[in-house]
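Subject: Structure for your review

Dear colleague,

Please find below the structure that I am handing over to you.

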Amino acid sequence: MNEPIVARHWLAIAAPKAAPAIATTTVLALARIWNANGAEHSVGNAVLMTALSLAAAAAGACASVGRAGDPVLAGTAFAASGGLALAGVAGYADGWSLPLLLWALATAVAYGLAARYWRTDRRERVAHERHVSDRREERAHIERVETIRGTTQIEVARTGAAYAEQLAQALVTRAALPGFDPTALEAAGLPELPAAQGERLGST
């Protein structure tokens, strides 16, 4: 069975790879806008962002070390903590050097964490595709075997029917010949006609 091949758009393929850089760049841009609107050297804003970042980190730690730890929730919380820390520093600092340095570090860490999930997802996808391919080949093999078996049975039945028809026609033709003697055929080792059939053929 042939399945339709769906070609993904190049944007759909590139979007997950660009997501970490887009996220950190968005945080940096918003933080610098916030810096231009009064966050620079604002102790209150710095304390608020620090508290939010620590709270997000604590939530991630609780989600990861709990008995029913959820890695997705923990990763989200740690990502939020890093984003808040980057936003706080970029909003408080008066220059671009430190924000850009933190942006580069945050982007590198984001890609490092994402690469592990991408490898896991790729392994699972390859294993699934291999499993589906094996199942498809096995099913195709079974279908081929059943098709060959059915075709063979049809050919055998057709050959048997044709042979029976030819045999009946030969018996009728042979019985119609002058001087037909079933006992002579039997003595020569040829198949003996049943008594009823021989009488019926002899009468014709």
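Please bear in mind that the model is predicted.

Where does the lining of the largest pocket come from? At least two residues each are supplied by helix H1 (10-39), helix H3 (71-92) and helix H4 (97-175). The most is given by H3, which provides ten residues of this lining. Sorted by class, the lining of the largest pocket contains 17 nonpolar, five polar and one charged residues.

I turn next to the packing of two helices. In general, two packed helices are described by the angle between their axes and the distance between the axes. For helix H2 (residues 43-65) and H3, the axes come within 7 Å and cross at roughly 165°. An angle over 145 degrees counts as roughly antiparallel, and H2 and H3 are therefore roughly antiparallel to each other. The crossing in which H2 passes H3 is left-handed.

Which residues meet in this contact? On the side of H2 they include Val-43, Ala-46, Met-49, Leu-52 and Ser-53, and on the side of H3 they include Leu-73, Ala-74, Ala-77, Phe-78 and Tyr-92. By class, the residues of the contact of H2 with H3 comprise 18 nonpolar, five polar and no charged.

Yours sincerely

Notes:
Residues numbered from 1 in each chain as written. Predicted model: local features only at pLDDT ≥ 70, side-chain atom pairs only at ≥ 80, totals over all residues. Heavy atoms only, no water. Helix = DSSP H or I, 4+ residues; strand = E, 2+ residues; numbered from the N terminus. Nonpolar A, V, L, I, M, F, W, Y, C, P; charged D, E, K, R; others polar. Axes fitted to C-alpha atoms, helices over the stretch in contact; angles between N-to-C directions. Parallel < 35°, antiparallel > 145°, perpendicular 65-115°, else oblique. Left-handed = near helix turned anticlockwise from the far one by under 90°. Contact = heavy atoms within 4.5 Å.
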